2 protein chains.
Amino acid sequence: MRNKTILLASRPTGVPAQENFKFEEREVPELQEGQVLLKSLYVSVDPYMRGRMSDAKSYVAPYAVGEPISGGVVAEVVKSLNEQLPKGTVVLGNLPWQQYIVHSGKGLSHINPDIAPLSYYLGILGMPGLTAYFGLLHIGEPKPGETVVVSGAAGAVGTVVGQIAKLKGCRVVGVAGSDEKIAYLKDELGFDEAINYKTTQNMNQAMTKACPNGVDVYFDNVGGEISDAVYLALNKFARIAICGQIAYYNHTTLPSGMRVEPILLKKSALMKGFIVGDYAKDFPVAAKELADWVQEGKLQYQETITEGFDKIPEAFLGLFTGQNTGKQLVKVAEREV
Amino acid sequence: MRNKTILLASRPTGVPAQENFKFEEREVPELQEGQVLLKSLYVSVDPYMRGRMSDAKSYVAPYAVGEPISGGVVAEVVKSLNEQLPKGTVVLGNLPWQQYIVHSGKGLSHINPDIAPLSYYLGILGMPGLTAYFGLLHIGEPKPGETVVVSGAAGAVGTVVGQIAKLKGCRVVGVAGSDEKIAYLKDELGFDEAINYKTTQNMNQAMTKACPNGVDVYFDNVGGEISDAVYLALNKFARIAICGQIAYYNHTTLPSGMRVEPILLKKSALMKGFIVGDYAKDFPVAAKELADWVQEGKLQYQETITEGFDKIPEAFLGLFTGQNTGKQLVKVAEREV
């Protein structure tokens, strides 16, 4: 059985490239008692993986050079010597980028294919959806009538942030990088305003115009000059959730720029960094609420699905040039059952 | 009756100077029914006043050019047509820099001279003490065994922050600008470590050495490179209270420097700006606890008292060159009663 895997060939300096990845064929060993054979169906590619490609100390351990890259994968049990995971079960796990995986079954979550498409568990019902939920509701604490700005607004996290903020009765302004994304945010997702940062000459002016009552909550996926424009429009007691800083992920030194501290002081504002794992104990409640909103049609969801195992590195690299709208993932295989 | 006042002569560009102040003699008008005549005893000079000398939008209204500068003043009622404020009452108020003041009596707090020296109400029992209390306890939330770093450690706020942190069972590290201050923090106030930023070549190294278990709480009065060194030593879930940014007060443009956002993200850390007024509803509880600690001898307090009304501008300007240890104030007159 042909079984391809993708290894980290070398650590990137700056922007990652195809050469940092290496394809290899691996034998599928015989199943032992208790094990299952998983077939990868959907593989998630996420900006945070850039951090794991470096060996700098971070919140997750770095990938090892010469070993498979891993991340969120939806997979199907295609052979089973484990009663808990019969053939046909669909699971979500942190798994290697590999077509077939022999697995102990530990640490996998069962997926209910009746609630939503399988791929949703890598997005709105998975890590990105939970990230949006906790950053916005636990740090941002938006109140009806307040203005919420989200950067990276058309991404997997940003689209959920904006929609939840609308559910909470806020004015929602998104920042994204193409006219298609802007149209999608305003016309499909109901954002009140959206700013194309690539074609906007004066971000400060555009932000002030889009937020006539100032900014109360900022959900930041991006950093850099977009954030600076938001900072200048902050209201007293504003809350800023730092979720991503993609502007700096490929930096090789600590970034410099406008100091935010004097602004936080002047506005009595709060800024907090987080990763979704900080809220692990509240995952079940949040996942249930997200699933309800999806089933009730209150949250829309868009995916960019690239087809084919071989396209995984390309789909990942596209994250850094803004090619995806909504959650970027790769469909590796059809479900068998 | 000779009655001098100090006006804002002009707005400073960058560091303020004597020329921004102007002395003038003013008549003392006849008292009307309900009014009192106040005699200034102690005048507070504080770094935040620099902000009010500019006309930039800030959390407090700017001083008007040609009008008296105002701030915290302890004064004695020396004539009274107001039953609530008999002659001899000592009050605290936001009052002009003026020897005698005719006042309606509204918005003045009575001071109890039996609890502590009168000057303490401009410091440890007043705005600076409350600032330390709320920033450290409500934002920093220090837990026993954690490491707390405070910048501007020998100032009116910093000395109280460090001592409360010690009361809470923390390891306390101060940053200050002279060997005398360092000795005072360690030998008199019980700080575990103190760093003289003016003689330290490598702040990052010094901070790491002073905080072998990393930094859990940072109370920042200063900003700039001192903060950068603390940021690099932050622990996961660290809390940063932004109380002052004296490094930038005399800047004429928004300051640039190391971006803190990626560090807050990596450490799931919280940063919050505040002014003491944000916690106004909790003042009585805090003032009582501070007064108890002072009376029980648990909080030590040092003042730099300059003598003479004419020295007020000089005492204020000294704040920006680090000349004071503890709270800087000016004694204007003796109490009559």
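Let's start with a strand from each chain: β13(A) and strand β13 (residues 256-258) of chain B pair in the antiparallel sense over 3 bridges. Pairing here asks for at least two bridges between two strands, as found by DSSP. Strands are DSSP runs (E, at least two residues), helices are runs of H or I with at least four residues, and both are numbered from the N terminus. In that pair, A:M258 has B:S256 in β13(B) as its bridge partner.

A word on what you're looking at: this is a predicted model, where local features need pLDDT of at least 70 and side-chain atom pairs count only at pLDDT 80 or more, while totals for chains, interfaces and linings use all residues. Residues are numbered from 1 along each chain as its sequence is written, and chains are lettered from A and ligands numbered from 1 in the order in which they are written.

Now, β14. β14(A) and strand β14 (residues 270-273) of chain B also pair in the antiparallel sense, over 3 bridges. There, A:L270 stands opposite B:K272 in β14(B). As a reminder, strands of a sheet pair through backbone hydrogen bonds, either parallel or antiparallel.

So which strands sit at the edges of the open sheet of 12 strands? From one end, the order is β10(A)-β9(A)-β8(A)-β11(A)-β12(A)-β14(A)-β14(B)-β12(B)-β11(B)-β8(B)-β9(B)-β10(B), with mixed pairing. From one strand to the next, the twist averages 15 degrees.

Let's look at the whole contact between the chains. It takes 28 residues from chain A and 28 residues from chain B, where contact means C-beta atoms, placed from the backbone, within 7 Å. On the side of chain A, α7(A) gives the most, with 6 residues. That side divides into 15 nonpolar, 7 polar and 6 charged residues. Here Ala, Val, Leu, Ile, Met, Phe, Trp, Tyr, Cys and Pro count as nonpolar, Asp, Glu, Lys and Arg as charged, and the others, Gly among them, as polar.

Finally, the domains of chain A, with bounds from an automatic or database domain assignment. Domain 1 covers 4-123 + 301-331, and domain 2 covers 127-279 + 288-292. Their centres, taken over C-alpha atoms, are 28 Å apart. In the contact between them, 16 residues of domain 1 meet 18 residues of domain 2. The domain 1 side of chain A has 5 nonpolar, 9 polar and 2 charged residues.

Terms used
Two residues are in contact if their C-beta atoms, placed from the backbone, lie within 7 Å. Axes are lines fitted to C-alpha atoms, for helices over the stretch in contact, and angles run from 0 to 180 degrees between N-to-C directions.
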